[in-house]
Amino acid sequence: MSSTDVTTRVVEQPGTYLNLESIDTDECDNAYANIPGNFKVHRAVFSVLPPGIKVEEATRSGVSAWTKTARLSATLKDGTEKKYFMKCITGQGARALVEGEYHSAVTINQACPGLVPEPYGWGQYSIDPGEICYFYVCAFHHMRFNEAPDRRAFAGTIAAMHKQGKSPTGMFGYPVKTVIGKMERTVSWEDSWAASFTNLLWDVIRYDNDTNGVWPELEAACSQLIDVVIPRLLGALQSDGRNITPALVHGDLWENNVGCDTSTGKTVVFDPGCMYAHNEMEFGTWRCRWTTYFRDSKFMLYYKRAYTVSDPKEEWDDRNRLYSIHPYLTDSAGHRGSISRETAYNDILFLCEKYGPLDTLEKYDPKKDVLLNGAYAAFEIKQLE
């Protein structure tokens with residue numbers, strides 16, 4: 001691919017995808033549009049914007065550890081002023097991030113219109129020989145983040161998303177790859193939720209080992225968790241006459257991905273990386289040490305009123321602990337030396353002692369249990385330069 005060839009996917013109607021197409025921009029004076037501001041916009045981006053649009057300014061906006069982000073201030077052909085949000089990324093997980101977010105945003109807005117910013121498209125262009133930049137464009141929202149959403153309303157909205165987002169196959173998984181951070185998930189279709197979650201867990205174990213090296217004790221505990229605990233704890237959801245329906249989950253729902261639109265007062269969630277999963281997986285992150293207002297038990301109280309807890313109901317908290325291991329290991333994979341690795345290890349030991357005792361494993365330490373000690377540590381986000 002030459003430096004002037006781009007590939008894009010755009011939306012013709014909500015939920016309708018056009019074929020990938022190559023757009024030759026050789027007639028352009030250069031690859032980047034002449035737009036005021038401190039963010040360079042490649043001409044490829046215009047392929048997902050409305051025809052006749054004039055972008056007046058492009059400025060860096062937001063904070064992201066994995067992408068470069070910008071606000072595009074534009075005037076449409078009819079004179080209407082419009083703002084767009086754009087993110088650009090290269091390297092590991094780049095295509096999965098933009099394509100997965102685009103697809104996720106379309107899917108969520110089909111289930112709950114307006115819950116996430118309206119997606120416009122994604123694409124790619126070459127910036128250097130052998131290096132591709134991927135981009136995603138959606139509607140821009142001015143948001144504030146200094147207050148929690150209404151507990152009852154937010155819980156009801158998330159429950160509605162979980163109920164109304166139907167798996168097209170009736171199975172667990174997702175049609176395209178998605179990410180958490182920039183780490184790709186294995187979202188192949190599975191009838192068994194235990195098998196699907198095991199795929200996800202193996203992903204983050206591998207990413208964590210790549211970052212921090214193999215920890216033999218953790219490796220042994222993870223093997224017992226996958227071989228014995230998950231088949232028992234998650235297998236119970238689909239055995240002895242019990243069953244669960246795959247639910248559309250946001251995939252990374254925590255306070256830094258939730259805001260309040262300053263002009264409408266409505267809650268907006270963003271950065272989705274969806275899959276069809278057990279609905280309770282959504283709340284593993286809410287148990288983690290970086291959680292703030294989602295620790296308020298009223299959120300889950302209202303959610304459980306809107307969406308019935310899966311049977312066995314008495315094992316809800318153990319499943320929640322299991323689901324928290326995934327974001328903890330994801331955090332560890334993204335931050336070398338993070339305490340999240342030790343926290344995940346301790347939670348794994350708890351579950352192994354209860355559902356798959358093994359004498360060779362170390363003992364769970366309640367003093368290290370975040371749920372018991374109330375420990376809080378702010379999530380570290382360093383802006384990509």
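Here are my entries, cavities to begin with.

Before anything else: this is a predicted model, so I note that local features need pLDDT of at least 70, side-chain atom pairs count only at pLDDT 80 or more, and totals for chains, interfaces and linings use all residues. Residues are numbered from 1 along each chain, and side-chain values use heavy atoms, without hydrogens and water.

**Cavities.** I looked for cavities (on a 1 Å grid over the protein atoms alone, sets of points where a 1.4 Å probe fits but cannot get out). I got four of 30 Å³ or more. I sorted the lining of the largest cavity into seven nonpolar, four polar and three charged residues.

**Sheet.** I found an open sheet of three strands, in the order β9-β13-β14, with antiparallel pairing; pairing takes at least two DSSP bridges between strands. β9 (143-144) and β14 (267-269) are the edge strands. Two bridges join β9 to β13 (residues 258-261), and M143 has D261 as its bridge partner in β13.

**Helix α2.** Which residues of α2 are buried (under 20% relative accessible area)? I list F154, A155, I158, A159, M161 and H162. Seen down the axis of α2, these fall within an arc of 155°, so they line one face of the helix.

How values were computed: On a 1 Å grid over the protein atoms alone, a cavity is a set of points where a 1.4 Å probe fits but cannot get out, and a pocket is an open set with protein on both sides within 12 Å along at least five of seven lines; lining residues have an atom within 4 Å of a point. Grid points are joined across faces, edges and corners, and a volume is the space filled by probe spheres set on the points. Ala, Val, Leu, Ile, Met, Phe, Trp, Tyr, Cys and Pro count as nonpolar, Asp, Glu, Lys and Arg as charged, and the others, Gly among them, as polar. Helices (H or I, at least four residues) and strands (E, at least two) are DSSP runs, numbered from the N terminus. Buried means under 20% relative accessible area, exposed over 50%, partly exposed in between (1.4 Å probe, protein chains only). The arc is that of the directions from the helix axis to the C-beta atoms.
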